[in-house]
Amino acid sequence: MSDAVRIAVLASGGGSNFQALVDRFRRSPEREVVGVIASREGAGVLERARRAGVASAVSPPASTSGGAATFLRRTLDEWRSDIVVLAGYMKLVPEALVRAYWGRILNIHPALLPEFGGRGMYGARVHRAVIEAGVRITGATVHFVDEAYDRGPILCQWPVPVLADDTPESVAARVLTVEHRILPAAVEALASGAVRLEADRRVRWVREWFETETFTNREG
Ligand code: GRF
């Protein structure tokens, strides 16, 4: 492919996953992080975008929900986005956008879906629920986005142990380091055509790319 695959990000928070994408693709002529849309003014991700020289925008508040949908669509289209990544994005993606970018929108979730996901399950709440449930393994999930929170077809997952003295904060930190590896790997897999979403909503790995490339290649 001659043109770079153009990657846009939606985020609400500090943006460490956005940073992981920027770092992964910075030197790649075939991939470009073209912009980030924050769901609120003052989100830390905006400062990261400024430092990385990546375009940014802030979407209008939820009170103008029709407006937010139009804004997202227009901005992503303007950036000629090929792939959209939800990296700590707290809002529901408007249905029209899901349809327009079907199979090209990914979300990262800091637990092993379908457990510990859905509306209201974000940030420390996820990790608190994990500890309260007493599970010994949590992890990170990257999935294709559909109309519901955290429900779309799963692209990949990676496990993380829950230890006896863990707090929500310590679990979050352990999971986050895995997120920073799994998310860029998943985006690269989608960009390269190693994985795709089929019409029946099944995720098909075209090549056994994920395991070999991601977790044996430790220098990234
Ligand atoms: C991550 O744990 C992500 O999985 C979740 O929100 C957190 C965002 O972290 N959805 P950051 O803004 O990327 O640092």
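Which side chain meets E198 in a salt bridge? Select R196: the side chains of E198 and R196 form that bridge, at 3.2 Å from N to O. A salt bridge here is a side-chain nitrogen of Lys or Arg within 4 Å of a carboxyl oxygen of Asp or Glu. R196 is partly exposed, at 41% relative accessibility.

The model is predicted; local features need pLDDT of at least 70, side-chain atom pairs count only at pLDDT 80 or more, and totals for chains, interfaces and linings use all residues. Residues are numbered from 1 along each chain as its sequence is written, and side-chain values use heavy atoms, with hydrogens and water left out.

**The whole chain**

Now show the protein chain as a cartoon. It has 7 helices and 9 strands; these are DSSP runs, helices being H or I with at least four residues and strands E with at least two, numbered from the N terminus. The radius of gyration is 17 Å, close to the 17 Å that the globule rule gives for 220 residues, so the chain is as compact as a globular protein of that length. That radius is taken over C-alpha atoms, and the rule is 2.2 Å times the number of residues to the power 0.38. Along its principal axes the C-alpha trace spans about 50 × 40 × 40 Å.

Of the 220 residues, 47% are buried. Among contacts (heavy atoms within 4.5 Å) with a separation of 6 or more, 65% are between residues 24 or more positions apart.

**More salt bridges**

The whole structure holds 14 salt bridges. Select R26 and D23 next: their closest N and O atoms are 2.5 Å apart. D23 is partly exposed, with 36% relative accessibility.

Then select R151 and D146, whose side chains meet in a salt bridge of 2.9 Å, N to O. D146 is buried, its relative accessible area being 2%.

**Backbone stops**

Most residues other than glycine have a negative phi, and most peptide bonds are trans. The next stops depart from that.

Keep R201 selected. Its phi is near 70°, a positive value in a residue other than glycine. R201 sits in the loop between β8 (195-197) and β9 (203-205) and is partly exposed, at 35% relative accessible area.

Is D150 buried or exposed? D150 counts as buried, at 13% relative accessibility. Look for D150 in the loop between β6 (137-144) and β7 (154-161). Phi of D150 is near 60°, again a positive value in a residue other than glycine.

Move to L113 and P114. The peptide bond from L113 to P114 is cis, with omega near 10°. P114 lies in the loop between β5 (105-109) and α5 (124-133).

**Last stop: A185**

Select A185, in helix α6 (residues 168-192). A185 is buried, with a relative accessible area of 1%. To finish, draw a distance from A185 to A129: these residues are 56 apart along the chain, and their C-alpha atoms are separated by 27 Å.

Technical notes: Buried < 20%, exposed > 50% of the residue type's maximum accessible area, 1.4 Å probe, protein only.
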